[in-house]
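Biologist: I'd like to learn how to read a sheet and the helices packed on it. Could you take me through one case?

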Amino acid sequence: MTERSVVRTGVEGLDAIFLGGIPKTNVIMVQGATGTGKTLLGMEFIYRGITLFDEPGIIVVFESRPERLVRDGAEFGWNLEELQEQQKLKIVFTTPEVLETELRSPDSLLLEAAAAIGAKRIFIDGIGLLRPQSNDALSAKDSSYRELLQQLLEGLSRQNLTAIFSLEVGILPETQLTLEMAAYLADTLIEVTHDRRSRLGHRGLEVVKSRGQDFVSGKHTLKITSGLGLEVFRRAQSPISRNLSQPTSTAMRSVIGVQALDDLIGGGIYDGSTTVVVGVSGAGKTVLGTQLLVEGALKQGKRGMLVSHDEHPAQNTRNAATVGINLQEQINAGTLHILYESPQELEIDSHYARLVRTIEKYDVQRLVIDGVTSYSTALDDQRSYRDFFHALVAYAKGRLMTTFFNYENPELFGLSAYMPEFPVSSIVDNIIVLSLVELGSTLHRSIAVVKARGCRHEFDTREFTIGPGGIHLLPLDKNVELPAMAMETYSSVMSRAPTRYSLKRNGAGSY
């Protein structure tokens with residue numbers, strides 16, 4: 001559709017769900033239970049129409065007095081009183097009976113008022129209250145109600161008004177008849193909800209139908225924010241764009257500037273590759289991720305971002321400084337950014353939208369998600385996690401953004417599965433395993449690359465230390481006699497019970 005053929009709601013995020021806007025001839029119905037945001041959605045539709053698109057509007061209410069609407073609008077920064085004084089807005093407080101009479105009258109005062117201010121939009125709050133007052137049977141009422149709605153729609157159409165109605169969902173038979181009839185006559189049907197997820201409230205919005213156009217299906221997240229208004233966040237697993245080819249890079253770059261690690265992974269990592277770093281707490285995942293970002297910023301000119309759920313940015317910079325990595329310097333220079341969001345109140349759709357906005361704002365080219373397991377706090381089921389992970393991987397590949405996901409494996413010694421809680425390792429390009437190995441009475445750190453797509457990586461398990469500058473792999477020297485507790489004198493170091501070799505190396509460097 002062309003821009004002239006659609007009406008933009010102006011509600012943040014909602015027009016993107018409609019892929020640009022709603023066809024101008026469509027009648028819009030917003031249905032939901034009490035307290036789901038129906039009235040606010042209608043009010044903002046009118047307010048944004050006036051302030052963003054210079055389209056005056058009318059609000060018709062049956063139960064809320066105009067003074068209350070003005071007060072409620074002020075909470076979101078909407079000066080409805082000023083718009084009324086400028087003759088751009090008219091709030092009509094009436095009764096269903098009076099409006100019904102108006103609709104049946106050949107000279108409607110409502111439509112005259114709309115014409116007087118040049119109204120382009122109208123919101124009628126509580127269309128379910130507009131029912132014929134008679135003692136007929138339900139079937140007769142139903143027929144009369146349908147005729148009444150059709151009269152209303154015809155009148156609004158003659159005035160070229162884009163109409164949005166709110167309809168409260170109830171359980172009474174008469175309410176159900178109203179709901180079915182109104183939903184049938186509406187061209188665009190939006191359902192808003194407010195339900196519980198554990199102990200948290202969650203608002204949702206779904207486009208049930210919208211004639212004459214395509215739209216993003218499924219249930220999206222709706223937020224109501226004081227001083228702002230409504231904001232819709234598309235469900236994270238929905239594709240951002242369609243029919244786009246997948247870009248591929250052949251450029252390989254150093255991971256952290258350590259040649260030994262690049263050799264281990266097969267020469268480096270491809271631009272746009274996705275990597276999962278698996279390891280128990282304390283194995284060095286965050287240090288590796290920090291080095292990745294600093295290496296990219298300092299030596300490769302790659303802007304980076306660290307997404308942290310478990311540690312505050314101040315703690316991230318302090319911890320990096322203890323191993324000689326000046327993270328704060330890169331943050332001050334604008335080459336690195338830290339996005340922190342507590343997992344306690346994390347809502348996945350809005351979090352994903354914030355991620356995308358920040359990445360595109362700063363043109364991030366290297367991304368580290370530190371604490372992938374923290375998403376389990378915010379998500380209800382494994383399917384939701386997989387959908388989110390798939391969406392993030394697809395988005396990263398579409399931008400050729402090199403991405404590392406740090407996953408905390410719950411197993412201290414030995415691994416029976418890379419990601420036992422959320423098995424999504426199959427969709428990433430590379431898997432690096434960091435382990436703690438107990439040799440004698442000492443803990444050692446080890447690193448192994450178990451998967452690297454498109455690379456001839458090594459299958460050796462190497463010992464590393466964390467010191468000034470970050471991670472350092474211990475050198476391999478076949479001509480030097482190994483100490484008794486060296487990791488190379490053991491086999492099965494990734495298991496729960498490493499076994500020590502009984503043989504010594506010969507001159508050829510083998511046992």
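Modeller: Two strands pair if DSSP finds at least two bridges between them; helices (H or I, at least four residues) and strands (E, at least two) are DSSP runs, numbered from the N terminus. This is a predicted model, where local features need pLDDT of at least 70, side-chain atom pairs count only at pLDDT 80 or more, and totals for chains, interfaces and linings use all residues. Residues are numbered from 1 along each chain as its sequence is written, and side-chain values use heavy atoms, leaving out hydrogens and water.

Biologist: What is the order of the strands in the open sheet?

Modeller: Strands of a sheet pair through backbone hydrogen bonds, either parallel or antiparallel. Here 9 strands follow the order S5-S4-S6-S7-S3-S8-S9-S10-S11, with mixed pairing. Strands S5 (89-93) and S11 (229-233) are the edges, each pairing on one side only.

Biologist: How many bridges join S4 to S5?

Modeller: S4 (residues 57-61) runs parallel to S5, and 5 bridges join them. Ile58 has Lys90 in S5 as its bridge partner.

Biologist: And how do H13 and H15 cross?

Modeller: Axes are lines fitted to C-alpha atoms, for helices over the stretch in contact, and angles run from 0 to 180 degrees between N-to-C directions. The axes of H13 (residues 348-362) and H15 (residues 382-398) come within 12 Å and cross at roughly 10°. That makes H13 roughly parallel to H15 (angles under 35 degrees count as such).

Biologist: Which residues in H15 does H13 meet?

Modeller: Contact means heavy atoms within 4.5 Å. Residues of H13, including Tyr352 and Leu355, meet Phe388, Ala391, Leu392 and Tyr395 in H15.

Key
Angles under 35 degrees count as roughly parallel, over 145 as roughly antiparallel, 65 to 115 as roughly perpendicular and the rest as oblique.
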